[in-house]
Structures are given as structure tokens and as C-alpha cells.
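Biologist: Hi! Could you walk me through this one? I'd like to start with the charged pairs and then move on to the sheets.

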Amino acid sequence: MKATWDIFCTVVDNYGDIGITWRLARQLQVEHGMQVRLWVDDLVPFARLWPAASAEQPQQWHDGVEVRHWRGEWQATEVSDVVVGAFACKLPPEYVDAMAARSRSPLWLNLDYLSAETWVDGCHGLPSPQPGGLRKFFFFPGFTTGTGGLLREACLVEHREAFEADPAARQTFLAGLGVEPEPDARLVSLFAYEHSGLGSWLDALADDTRSNHLLVPEGRVLADVRQWLGEASLDVGSQVQRGSLKVQVLPFVRQSEYDRLLWCCDFNAVRGEDSFVRAQWAAAPMVWHIYVQEEYAHWEKLEAFLDRYGQGLSPAAYAALRGLWRAWNQSVEGADIGPAWREAIRHWPELVAHARQWCVTQAAQPDLATTLVQFYRNWL
Ligand code: TRH
């Protein structure tokens with residue numbers, strides 16, 4: 001008998017909530033043979049990540065996963081063996097009542113946000129008593145074996161390596177997006193939030209001795225790019241040259257294509273949680289535009305990741321990397337990212353080798369879907 005799973009996702013904003021839960025749901029189904037329902041309160045971002053999806057259909061199936069639009073009044077439904085509430089999302093009270101009434105209580109998990117902070121290891125897997133005699137377990141993704149690990153599909157790294165070893169595949173993929181980089185250009189992707197200091201980085205790219213080809217999928221940062229370029233509009237397909245920098249606007253692509261885009265680039269600027277992890281599997285130097293939290297809580301997360309990620313780098317390369325990431329995230333009006341970028345460039349070969357090593361080390365750990373299934377088996 002296949003175990004049944006219900007995953008609940010409320011879309012707080014952007015794409016990360018649905019991006020992560022969809023990735024997980026698919027993996028549980030495709031790789032672990034679980035029967036999965038994904039409940040999401042907003043189908044619009046889902047349809048952008050997964051163009052085969054409909055933003056209107058309340059019930060649809062994709063890759064064997066049942067996707068349900070969860071809104072308004074709750075319709076009674078059978079409770080699954082495993083119930084995952086993503087990112088502290090509040091489950092429908094009627095469903096929680098049904099969980100308590102089930103002859104065998106389901107395994108109830110709260111899937112938390114990713115953090116490299118050291119306290120995570122101590123909290124991963126801890127239960128918390130809930131009304132009705134239920135218990136909810138906190139499940140933390142993370143970077144150590146004491147956590148649930150990172151989302152990583154089977155053979156992801158092997159697929160990336162095969163893609164890298166096939167220049168024709170890379171060229172065809174890029175050409176499909178209308179991208180034809182000069183052979184010696186540095187290819188860079190930019191997926192970030194609004195950014196008041198972005199212009200200083202673009203200045204540095206434009207003043208570079210090497211050509212830079214910047215690929216910007218449609219999204220929140222585009223207005224800052226447009227402003228820097230001084231263009232009245234900047235649509236998908238636009239290509240604008242300023243000094244050594246060519247800016248090209250791409251469409252928002254499906255998740256699997258976004259991976260390939262990251263694999264093609266020499267440097268990736270990413271944000272949030274899921275693209276941040278995907279850039280690590282891309283094994284190239286990157287910068288993380290972290291999601292800003294109240295009371296600057298995100299800064300500790302940023303530093304905690306840098307502490308871990310920086311291990312094994314020479315002190316000078318580590319200082320350069322940290323300098324770039326801090327400058328990028330300071331978001332102070334008039335801040336200049338240029339010097340930090342140029343310093344990072346000075347340590348490029350080491351940063352490249354380090355990104356590859358980090359990917360290998362992380363890929364040696366069990367992935368999040370596998371640890372979830374294992375947790376369920378141990379709990380039975
Ligand atoms: O979109 P994000 O900023 O999402 C989140 C949410 O804001 C969430 O509420 C917050 O808690 C979290 O960040 C930290 O960034 P993220 O997580 O990287 O999600 C983006 C998703 O979009 C990811 O699955 C990759 C995907 N994507 C595509 O599929 N195609 C694209 O072209 C691009 C640029 C991204």
C-alpha cells in the first residue's frame with residue numbers, strides 16, 4: 001500500500017512557497033512512490049513554474065501529484081497518512097479535527113524554512129503537543145546530517161554534469177531562449193528582489209575589461225535594471241548594451257529550465273530559498289539576495305550560511321565572498337557593490353573550485369524528500 005501524503009501550502013508571496021512544495025510533492029511521488037495531494041491557496045504562481053498547470057482548475061494532476069486549489073470553505077476529505085504543513089501554514093481547522101478523529105493519527109509535520117543557523121540541528125524532528133492529542137513534528141531542511149537536508153532530485157548533479165559536458169546541448173538551450181553569448185563573455189543570471197544598490201554592480205559590469213552578458217528573467221528586479229539603463233521600457237527579449245555589459249531580458253521559465261539557465265552561467269544572483277538551493281547545485285559562484293525579515297532576523301541567517309559555506313576557503317577569498325554578499329544585502333541607498341565585486345573577481349578561480357566542492361559535499365548527504373520518507377518509516 002502506498003502511503004498517502006497531504007502537503008498544505010499557503011502562498012505568502014512570490015514563488016518560493018509553491019516552488020518548494022511542488023518540487024517536494026513531485027519527488028515524493030516520482031521517486032518514492034507516495035500518493036501525494038498538494039493543497040495550495042493560489043494557483044497563479046504554480047502555473048508560472050509549471051506551465052502545464054491551469055490557474056483555474058480546482059483539481060488537477062501533474063506528474064502523478066493531485067494538485068488541489070484550497071480556498072474558502074473546506075470540503076471534508078479523507079485524512080492522509082502523512083500531513084505536511086509548509087512554512088507554518090495554518091491547516092483548515094476541520095481537517096485538523098478529522099486528523100484527531102482518525103483511528104490511527106497521521107504523522108503531522110511542519111516543514112520549516114531553510115536556515116544554516118546552528119540551533120536548527122537541535123530543533124529538527126522535535127515534537128510539539130497539539131490539541132486533540134495530536135503531535136506535530138518540526139522538520140528542518142538544512143546543510144548538516146542533523147537536519148532534513150536539501151531538496152535535490154535523484155541524479156540532479158549527474159544531469160548537470162552531463163549537460164556541462166555537452167556544449168551543443170548548452171548552445172541549443174540558450175538559443176531556445178534567444179541567448180547567443182560571445183565566446184569569451186561572462187554569463188551571469190540575475191533573479192533578485194528590488195535593489196537600491198543594483199546600479200553600482202551594473203556599473204562595475206559595464207566598466208569591466210571582460211564582456212558580461214547579464215540574463216534577467218522577468219521579475220521584481222527588472223525595474224531597477226530598467227532605471228539604470230535609462231530605458232522607458234524593458235520587455236522580454238530586450239537586449240541593451242552599455243560598455244562591456246549586455247543586458248538581456250528573459251521570460252520567466254519553467255523550473256527545470258531555470259536549472260539549466262543556472263547551469264549555463266558563470267555567476268548566479270539568486271534569492272529567497274529555492275533558487276538559492278538550485279544555485280548551489282549549479283556549483284558556480286553566486287550571491288544570495290536574502291528575503292528580508294522583521295527585526296533584521298535575516299542577517300543572522302546570512303551570516304550563518306556564510307560561516308558554513310566559507311569553510312575551506314582561504315582567508316582572503318572568504319573575505320571577498322563575504323564582502324560581496326554583505327554589500328549585496330545591505331540595501332542602503334547609495335551603497336557601492338563595485339569594490340566588493342572587483343575583489344571577488346580577483347579570487348575567481350578559488351571561488352569556482354569552492355562552489356564545486358560545496359556542491360559535492362552537500363550532494364553526499366541525504367536529500368529532503370528521502371529524509372522525510374525515512375522519518376515517516378521510523379515513526380511507523
Ligand atoms: O520567489 P522567491 O522570492 O520566494 C520565496 C517567497 O517569497 C517566500 O514567501 C519566502 O519565504 C521565501 O522566498 C524565502 O524565491 P525562491 O524561493 O527562490 O523561489 C523562486 C522559484 O521560482 C524557484 O522555485 C525557482 C523558480 N523560478 C522558475 O521556475 N523560473 C524562473 O524563471 C525563475 C527566475 C525562478
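Modeller: Happy to! A salt bridge here means a side-chain nitrogen of Lys or Arg within 4 Å of a carboxyl oxygen of Asp or Glu. Keep in mind that this is a predicted model.

Biologist: Got it. How many salt bridges does the structure hold?

Modeller: There are 16 salt bridges in the structure. One of them pairs D6 with R37, and their closest N and O atoms are 2.7 Å apart.

Biologist: Where do D6 and R37 sit in the chain?

Modeller: D6 belongs to strand β1 (residues 4-9) and R37 to strand β2 (residues 35-40), so to speak two distant parts of the chain, 31 residues apart.

Biologist: And are D6 and R37 buried or exposed?

Modeller: Both D6 and R37 are buried. R37 also has a bridge partner in β4, namely E66. β2 and β4 pair in the parallel sense, over four bridges.

Biologist: Nice. Which sheet do those strands belong to, and in what order do the strands run?

Modeller: They are part of an open sheet of eight strands with mixed pairing, ordered β3-β4-β2-β1-β5-β6-β8-β7. At the edges stand β3 (59-62) and β7 (127-129); each has a single partner strand, so one side of each has no neighbour in the sheet. From one strand to the next, the twist averages 25 degrees.

Biologist: What about R186 and D208?

Modeller: Their side chains meet in a salt bridge too, at 2.7 Å from N to O. R186 is in strand β9 (residues 186-190), while D208 is in the loop between α7 (198-206) and β10 (212-217), 22 residues apart. R186 and D208 are both buried. There is also a network: R23, E153, D259, D274 and R278 are joined by salt bridges that share partners.

Biologist: New topic: what is the strand order in the six-stranded sheet?

Modeller: That open sheet is ordered β11-β12-β10-β9-β13-β14, again with mixed pairing. Its edge strands are β11 (239-242) and β14 (286-289), each pairing on one side only. The twist there averages 15 degrees from one strand to the next.

Biologist: How does β11 run relative to β12?

Modeller: β11 and β12 (residues 245-250) run antiparallel, joined by four bridges. V240 stands opposite V247 in β12.

Biologist: Last one: which residues make the nonpolar surface patch?

Modeller: V12, Y113 and Y291 make that patch, which is about 280 Å². Y113 is found in the loop between β6 (107-111) and α4 (119-123), and Y113 is partly exposed, at 36% relative accessible area.

Key:
Residues numbered from 1 in each chain as written. Predicted model: local features only at pLDDT ≥ 70, side-chain atom pairs only at ≥ 80, totals over all residues. Heavy atoms only, no water. Patch = residues over 30% accessible without salt bridge, like charges linked within 9 Å, V, L, I, M, F, W, Y side chains within 5 Å. Areas by Shrake-Rupley, 256 points an atom, 1.4 Å probe, with all protein chains shown as cover. Buried < 20%, exposed > 50% of the residue type's maximum accessible area, 1.4 Å probe, protein only. Pairing = 2+ DSSP bridges. Axes fitted to C-alpha atoms, helices over the stretch in contact; angles between N-to-C directions.
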